[in-house]
Amino acid sequence: MASMVRHILIIADIEGSSGCWSRRGAVFLNREWAQACDGMSADVAAVAKSLLNDGVESITVNDFHRTGYNLLPERIPPAVKVVQGYQAGPVPGIGDPRPAEAAMFLGLHAASGTQGFLAHTLTSRLSDIRVNGRPLPEVQLFAASLAPYGLRSLFFSGCPVACRQAQAVIPQITTYAIDKSAGRTGFDADDWRAGLAASARDALHAAAPAMILPQGPLHTVVTFRDGPSPAKAVARRWGVERQHDQIRFVAADMRALYHVLIRICYLTPGIEKHLGWLLPLFNARGRLGMAWLRRQLRKHAPRARLADGPRAAPPAP
Ligand SMILES: [Zn+2]
């Protein structure tokens, strides 16, 4: 059956990808991170191929972990637009998502304060975040930010806890879990990835899921992992209420909530003021990391893949 959805936006993270099996796998310039990027790229490539084969006309992938430079574009079908680094614009980090009509979330993780694999919301410096008493997974922030542009959230992949959290906020969303509780040994990445790609394709043909948007006012309580001192700094910086290691504020809606969270997680008023030129600098750091990443992967790649790979050296004349 031909697909009804022509333009897809993929948000790709690393923690729930088939390449990341420990905290080090999510850390920039760590050797395990290089392996994680390899797996994440293969996951995205498999899903993209499957969607393109099913009649999707255009796919944009936003690389959405840490620096925004983790995916290896050369491993992903050339028809796919791979967007790396963070964009200013109406949707935080993404810019303008159009012409995408639907979103898919690959490699995501569970919310801060819950039991999932490398669970966190925006940054691991927050040990817990509650909105009207419930944990806040990133998928809720992202899906709510994309919804005003007409994007429906069709598909989600991550650990089983993360999948359940996605279904709690988007009840009909198709999910495909990766269970890392038994460790990497014996995990068949190719087999899992084939299932991921098939499940993403099926999501195109499922009924369009509706999202449960929490109604404002959104009473938000953020707990800092390192205790009162970072909470104090953030409270002073942004003029929000603090109690011990927690800050509290009320946001009118999800959009306002996302903006406040970005401020408290990543910015100071000074950085916010100069974001126009600091963002390209931040992105440049990510690009430099890609050079290191490619060297690592070449050094540790199995010979067979090096010989077949798109980056293999041409034969000597
Ligand atoms: Zn991440």
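Tutor: Start with charge. The chain carries 36 positive and 24 negative charges, and their mean positions lie 8 Å apart. Lys and Arg count as positive, Asp and Glu as negative, with His and the chain ends left out. Each charge is placed at NZ of Lys, CZ of Arg, CG of Asp or CD of Glu. The model is predicted, so local features need pLDDT of at least 70 and side-chain atom pairs 80 or more, while totals for chains, interfaces and linings use all residues. Residues are numbered from 1 along each chain as its sequence is written, and side-chain values use heavy atoms, without hydrogens or water.

Now the overall build. The chain has nine helices and eleven strands (DSSP runs numbered from the N terminus: H or I of at least four residues for helices, E of at least two for strands). Its radius of gyration is 20 Å, which agrees with the value near 20 Å for a compact globule of 317 residues (taken over C-alpha atoms; the rule is 2.2 Å times the number of residues to the power 0.38). The C-alpha trace spans about 65 × 40 × 40 Å along its principal axes. Of the 317 residues, 51% are buried (under 20% relative accessible area; exposed is over 50%, partly exposed in between, with a 1.4 Å probe and protein chains only). The accessible surface is about 14,900 Å², and carbon and sulfur atoms hold 54% of that surface (Shrake-Rupley method, 1.4 Å probe; for residues, only the protein chains shown count as cover). Take contacts between residues at least 6 apart in sequence: 70% of them join residues at least 24 apart (contact means heavy atoms within 4.5 Å).

D13 sits in the loop between strand 1 (7-12) and helix 1 (31-53), and H65 in the loop between strand 2 (58-63) and strand 3 (81-83), so the pair ties together parts 52 residues apart in sequence. D13 and H65 are both buried.

L29 is partly exposed, at 41% relative accessible area. L118 also has a positive phi, near 50 degrees. L118 is in the loop between strand 4 and strand 5 (126-131). At 12% relative accessibility, L118 counts as buried.

Next, the cis peptide bonds. One runs from R98 to P99, with omega near 10 degrees. P99 belongs to the loop between strand 3 and strand 4 (102-108). Another joins G216 and P217, with omega about 0 degrees. P217 is in the loop between helix 4 and strand 9 (218-224).

Last, a surface point. G186 lies between strand 8 (174-177) and helix 4 (189-205), in a loop. G186 is exposed, with a relative accessible area of 77%. From G186 to V80 is 31 Å, C-alpha to C-alpha, across 106 residues of sequence.
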